[in-house]
Amino acid sequence: TAALHQPSVQAQLEDLRRSLTDAHALSQSLKDRLRQRLADVRAVVHALFGYRLDMDKDILKLRSTYSDNDSDMVMLQSIRGQLAPSTSESTVAALELLETEFVASLPLDLLEYVHEAHSIPAFLSRLTLHLFAARPHQQLA
């Protein structure tokens, strides 16, 4: 009589298949929501700061709204495999500005914000103003 109360192996397998299917559907749903949330964050970063952000492993690619060419980009590489600063004192603690053709073409006083002041946010702010001012139709009086 004990065998009558035990679910059959077939029923157990069917339950496991249903559980696996449900887990896969939940996983896919979470991935889709995360992908959408990341797209939303990227859109907000672009709207607020004027930079399109792309990430490729440990390299951040920033393209300014005010740049003339899509190839004009600032590339930052993470140091020690982390994309956030390790201390609040230095915003370049975990990021290194990579030399690109665009960066090499920038005035030296802009690059001093990274090399001398060790501030990527100040560099990006100054770069935004520099590119904005270079657009004749958007200069302020």
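Leu60 is found in strand E2, and with a relative accessible area of 11% Leu60 is buried; buried means under 20% relative accessible area, exposed over 50%, and partly exposed in between, with a 1.4 Å probe and protein chains only. The model is predicted, so local features need pLDDT of at least 70 and side-chain atom pairs count only at pLDDT 80 or more, while totals for chains, interfaces and linings use all residues. Residues are numbered from 1 along each chain as its sequence is written, and side-chain values use heavy atoms, with hydrogens and water left out. The chain has five helices and four strands; helices (H or I, at least four residues) and strands (E, at least two) are DSSP runs numbered from the N terminus.

**Overall composition**

- From the N terminus on, the order of elements is α-α-β-β-β-β-α-α-α.
- The chain has 141 residues, of which 26% count as buried.
- Of the contacts between residues at least 6 apart in sequence, 32% join residues at least 24 apart, where contact means heavy atoms within 4.5 Å.

- Helix H2 covers residues 9–49, which makes 41 residues.
- From its first C-alpha to its last, H2 reaches 59 Å, close to the 60 Å expected at 1.5 Å a residue; the expected span is 1.5 Å times one less than the number of residues.

- The four strands form an open sheet in the order E1-E2-E3-E4, with antiparallel pairing; two strands pair if DSSP finds at least two bridges between them.
- Strand E1 (51–56) and E4 stand at the edges, each with a single partner strand, so one side of each has no neighbour in the sheet.
- From one strand to the next, the twist averages 25°; axes are lines fitted to C-alpha atoms, for helices over the stretch in contact, and angles run from 0 to 180 degrees between N-to-C directions.
- Six bridges pair E1 with strand E2 (residues 59–64) in the antiparallel sense. Within this pairing, Asp54 stands opposite Lys61 in E2, and Tyr51 has Ser64 in E2 as its bridge partner.
- Helix H5 (residues 120–133) packs on the sheet and touches E1, E2, strand E3 (74–78) and E4. The direction of H5 makes about 170° with that of E3.
- E2 and E3 run antiparallel and are joined by four bridges; Ile59 stands opposite Gln77 in E3.

**Buried strand residues**

- Five of the six residues of E2 are buried, so that this strand is mostly covered.
- Leu60 and Leu97 are 37 residues apart in sequence, and their C-alpha atoms are 9.6 Å apart in space.
- Leu95 lies in strand E4 (residues 95–98) and is buried, with a relative accessible area of 12%.
- The C-alpha atoms of Leu95 and Ile79 are separated by 5.6 Å, although these residues are 16 apart along the chain.

**Thr100 and its contacts**

- Thr100 is found in the loop between E4 and helix H3 (101–104) and counts as buried at 14% relative accessibility.
- A polar atom of the Thr100 side chain lies 3.2 Å from the backbone oxygen of Met73. The Thr100 side chain also reaches the backbone nitrogen of Val103 at 3.1 Å.
- A polar contact is a pair of N or O atoms within 3.5 Å; within protein, one must be able to donate a hydrogen and the other to accept it, and residues adjacent in sequence count only if both atoms are side-chain atoms.
- Leaving aside residues up to four places away in sequence, Thr100 touches Met73 and Met75.

- Most residues other than glycine have a negative phi.
- Lys57 is not a glycine, yet has a positive phi of about 55°. Lys57 is found in the loop between E1 and E2 and counts as exposed at 77% relative accessibility.
- E1 and E2 form a hairpin with two residues between them, and Lys57 is in the turn.
- His118, also not a glycine, has a positive phi of about 55°. His118 is found in the loop between helix H4 (108–115) and H5, and is partly exposed, with a relative accessible area of 44%.
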